[in-house]
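Morning, everyone. Let me put the sequence and the structure up, and then we'll walk through some strands together.

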Amino acid sequence: MIEYESLAKSNQAVMEKLEAAASRVLRSGWYILGSEVSSFEAEFASYCESTHCIGVANGLDALILSIEALDLPRESDVLVASNTYIATILAIVRAGHRPVLVEPELETFNIDPERLAGAITPRTKAVCVTHLFGKSCRMPEVTAFAEAHGLHVIEDCAQSHGARYDGKLTGTFGIAGCFSFYPTKNLGAIGDAGAIVTHDEAFADRLRYLRNYGSKKKYENAYLGLNSRLDEMQAAFLRVKLEHLDEVTAHKRALADIYFENLPDWVLKPVRRAAEHDVFHIFGIRTTQRDALRQWLLEQGVKTEVHYPIAPHRQRAMQGILTGDYPIADELHATELSLPISAGHEPHDICRVCEVFAAIPAALRATA
Ligand SMILES: Cc1ncc(COP(=O)(O)O)c(C=O)c1O
């Protein structure tokens, strides 16, 4: 069986370093906001070619706190892709604002910059883009639009560690790059963790308050903050894994190349563009026979995933919040199929998946 992902396998190469990091923290007696967190923050800011990094508890909090730190008027409109993972939309709602959905490009799954103008209102104050599956959005167009209309740009980089557009890293185009280090991410912790990178010193300072009860000095609370701190143990694990992130990315890009070269022509593969340095958090193909194909692949010993089965505007939690029709999001949610691609997969695993694809019966070969 080829698993979709095995975290034990993906972490195998660094297991001893992770064990040493855990032991170091355990014995240090300092578990919250200590030297591991500040070292990781400095190392990750440098990796991201940014100025500041603020570690937080998870990717959702990174988004919520970044939107809160903008200090927008309550109930501002925030533009966001109609097919993003629910966290991006939840963050806007949790921060007290109104998500306004913008349809993506069918071929890239990313927000379509040409549709931003049709969604703007006098209450629009920000655009929150998601670099889905490890591919950068078309950021020069997004930032030009935002500048022209005086909007803040927040980047959801939960899936795009190290992805670039025209050589520039995702997370450095807007005021905030919001990262998740959920264990399956290209840079994954051994539990929940997240971070925000920013070039803006005052914004960074505000985030440092907000993640810690609105306080930077013990028992003095300047803002209505949260408890959303990155802990020392996760920071120590992340420091180990950050050292290997470029290798993980290179490995996943090489696995993606095997798919590009060996998957049959009828398969609708991810789009590759010269300006975009993709990191393949997910390798998502599209097919109208998605569910039947997925079942057939499973019977042949290949596990796959769907990102995501239900569009945000069709989620029960979003009733009355997200209204309107989003046919492109619907189409993507009905047709996307994610193939195995992880640090724990070897080239021969991906060749095997391609062999299985070559044998797919004609009835299951419909493209989207
Ligand atoms: C695009 C996107 N945004 C936000 C999140 C939220 O991150 P977390 O699970 O760390 O809260 C995730 C990951 O789960 C994600 O994929």
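Which residue in β8 stands opposite Asp-156? It's Cys-178. Keep in mind that this is a predicted model.

Now, the strands around that pair. Three bridges join β5 to β8. The two strands run parallel. β5 covers residues 152-156, and β8 covers residues 176-180.

Is β5 mostly covered or uncovered? Mostly covered. Four of its five residues are buried.

β5 also pairs with β4, which spans residues 124-130. That pairing is parallel too, over five bridges. Look at Cys-128: its bridge partner in β5 is Ile-154.

How does the chain get from β4 to β5? Follow helix α6, residues 139-149. β4, α6 and β5 make a β-α-β unit, and the unit is right-handed.

Strands of a sheet pair through backbone hydrogen bonds, either parallel or antiparallel. We've had parallel pairs. Next, antiparallel ones.

Find the open sheet with three strands, in the order β7-β6-β10. Its pairing is antiparallel. Why is one side of β7 and of β10 left without a neighbour in the sheet? Both strands stand at the edges, each with a single partner strand, so one side of each has no neighbour there. On your screens, β7 is 168-169 and β10 is 276-277.

Last stop: β6, residues 164-165. Two bridges join β6 to β10.

Note on methods: Residues numbered from 1 in each chain as written. Predicted model: local features only at pLDDT ≥ 70, side-chain atom pairs only at ≥ 80, totals over all residues. Heavy atoms only, no water. Pairing = 2+ DSSP bridges. Buried < 20%, exposed > 50% of the residue type's maximum accessible area, 1.4 Å probe, protein only. Right-handed = clockwise from strand over helix to strand, strands pointing away.
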